Amino acid sequence: MVSACACWDLRHSTASVADGSLIGMNTTLTTKPTTIQRFFDELGLRGNDPLLHHVTGTIEWNIKDAGRWWVRMNQGAVHVSQSPQSADCVASCDAATFTGIIGGKENLMAAALRGVVHCSGNVGLGLSFQRLLS
């Protein structure tokens, strides 16, 4: 059940379902996409990561029921976007799995070996994403 406050927020918001901006709204309906969106927002603010000084390429993350993000790494500089672009690696999983990965309850490589994270293209680049989680 949605609280009256959450209903008011939804009725009086300029956000729309079509552009996906309702995902990040602060309502009583806390969801995994909110956690995932926050992770990518914070990742984009990190700037330069010394653990990735030798890594260059773009990973496209397709997270079921949450959205798509492109993480571009260029010799340590990390940029995050939701605008489609060419990717060297495409990784996909469901929201619960990704939330476990970013929360430290799930290992990216182990999830890939079990087949719950699917990766194509430059798999090594995809696995270097694990370094962003520490």
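Arg 68 is partly exposed, because its relative accessibility is 41%; buried means under 20% relative accessible area, exposed over 50%, and partly exposed in between, with a 1.4 Å probe and protein chains only. The model is predicted: local features need pLDDT of at least 70, side-chain atom pairs count only at pLDDT 80 or more, and totals for chains, interfaces and linings use all residues. Residues are numbered from 1 along each chain as its sequence is written, and side-chain values use heavy atoms, with hydrogens and water left out.

Arg 68 forms a salt bridge with Glu 60, and their closest N and O atoms lie 2.8 Å apart. A salt bridge is defined as a side-chain nitrogen of Lys or Arg within 4 Å of a carboxyl oxygen of Asp or Glu. Side chains of opposite charge can pair when their charged atoms come close. Glu 60 has a relative accessibility of 10% and therefore counts as buried. The count by this rule is 2 salt bridges; Arg 114 and Glu 106 also meet in one, at 2.9 Å from N to O.

## Thr 58 in strand 1

Strand 1 covers residues 56-64 and contains Thr 58. Helices (H or I, at least four residues) and strands (E, at least two) are DSSP runs, numbered from the N terminus.

Thr 58 is buried, because its relative accessible area is 7%. When neighbours within four places in sequence are left aside, the residues in contact with Thr 58 include Trp 70, Arg 72, Gln 85, Asp 88 and Leu 125. Contact here means heavy atoms within 4.5 Å.

## Helix 3

Helix 3 spans residues 95-102 and is mostly covered, with 6 of its 8 residues buried. Among these buried residues are Ala 95, Phe 98 and Ile 101.

At the start of helix 3, a side-chain oxygen of Asp 94 comes to within 3.3 Å of the backbone nitrogen of Ala 96. After helix 3 comes Gly 104, which has a positive phi near 85°.

## Cysteines

How many disulfides does a search of the whole structure find? The search finds 0, a disulfide being a pair of cysteine sulfur atoms within 2.5 Å. Cys 119 is in no disulfide, and the nearest cysteine sulfur, that of Cys 89, is 3.2 Å away.

Cys 119 counts as partly exposed, because its relative accessibility is 31%. Cys 93 is buried, because its relative accessible area is 7%.

How values were computed:
A polar contact is a pair of N or O atoms within 3.5 Å; within protein, one must be able to donate a hydrogen and the other to accept it, and residues adjacent in sequence count only if both atoms are side-chain atoms.
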